[in-house]
Amino acid sequence: RNVRGNASSVGMMEGAFFVSRTELLAWVNNLLQTNLTKVEQCASGAVYCQIVDSCHQNTVSMKRVNWMARSDHEFVPNYKVLQAAFDKNGIQRNIDVDKLIRAKYQDNLEFLQFMKSYWEHESSHCLEYDPLVAREGK
């Protein structure tokens, strides 16, 4: 059992669930060196995969992540990569793929808030991370 506590059991009252859309986008753009302008752009799952990769390096199959995915059927394989990473790292959180791939604001906002809260719990022992190298410039 993890002595630090299970960050995947983050509750809705965690601070990250009160973070604004603007603050979330600034955080993810800084962390991953991206230029997201809308939370809905996370719907492909690629961003979520890389957030996990930044905490647990070399446990996410980043080569399999499709950063160019534009439609829901192209998003699904990214969520398979994400689920495998969750399983490998003991992250016990339901990923509602059917909702997330629809690119609805509220669903992706809540999942991004969870990811930020998870990252905050795990980042204290994250190694230095270069997101561009991790995604091979994609």
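Guide: A crossing is called left-handed when the near helix is turned anticlockwise from the far one by less than a right angle, and right-handed when it is turned clockwise. The model discussed here is predicted.

Visitor: Is the crossing in which α3 passes α5 left-handed or right-handed?
Guide: Helix α3 spans residues 72-88 and helix α5 spans residues 105-122. They pack at an angle of about 35 degrees, with axes 15 Å apart. The crossing in which α3 passes α5 is left-handed.

Visitor: How many charged residues does the contact of α3 with α5 have?
Guide: On the α3 side stand Tyr-79, Leu-82 and Phe-86, which meet Asn-108, Phe-111, Phe-114 and Met-115 of α5. By class, this contact of α3 with α5 has 6 nonpolar residues, 1 polar residue and no charged residues.

Visitor: At what angle do helices α1 and α2 pack?
Guide: The crossing of α1 and α2 is left-handed. Trp-27, Val-28, Leu-31 and Leu-32 of α1 make the contact with Val-47, Gln-50, Ile-51 and Ser-54 of α2. By class, 6 nonpolar and 2 polar residues take part, and no charged ones. The axes of α1 (residues 21-32) and α2 (residues 46-55) lie 11 Å apart, and the helices pack at an angle of about 65 degrees.

Visitor: Which residues are the closest to the centre of the largest pocket?
Guide: The largest pocket holds about 350 Å³ of space. Its lining comprises 17 residues, of which the closest to the centre are Leu-36, Gln-41, Ser-44, Trp-67 and Arg-70.

Visitor: How many nonpolar residues does the lining of that largest pocket have?
Guide: The lining of the largest pocket is divided by class. It has 4 charged and 4 polar residues, while the nonpolar residues number 9.

Visitor: Over which residues is the pLDDT below 50?
Guide: The protein chain averages a pLDDT of 87, and 86% of the residues score at least 70. One stretch, with 4 contacts in the model beyond near neighbours in sequence, has a pLDDT below 50: residues 1-6.

Notes:
Residues are numbered from 1 along each chain as its sequence is written. This is a predicted model: local features need pLDDT of at least 70, side-chain atom pairs count only at pLDDT 80 or more; totals for chains, interfaces and linings use all residues. Side-chain values use heavy atoms; hydrogens and water are left out. Axes are lines fitted to C-alpha atoms, for helices over the stretch in contact, and angles run from 0 to 180 degrees between N-to-C directions. Helices (H or I, at least four residues) and strands (E, at least two) are DSSP runs, numbered from the N terminus. Contact means heavy atoms within 4.5 Å. Ala, Val, Leu, Ile, Met, Phe, Trp, Tyr, Cys and Pro count as nonpolar, Asp, Glu, Lys and Arg as charged, and the others, Gly among them, as polar. On a 1 Å grid over the protein atoms alone, a cavity is a set of points where a 1.4 Å probe fits but cannot get out, and a pocket is an open set with protein on both sides within 12 Å along at least five of seven lines; lining residues have an atom within 4 Å of a point. Grid points are joined across faces, edges and corners, and a volume is the space filled by probe spheres set on the points. pLDDT is the predictor's confidence in each residue, from 0 to 100.
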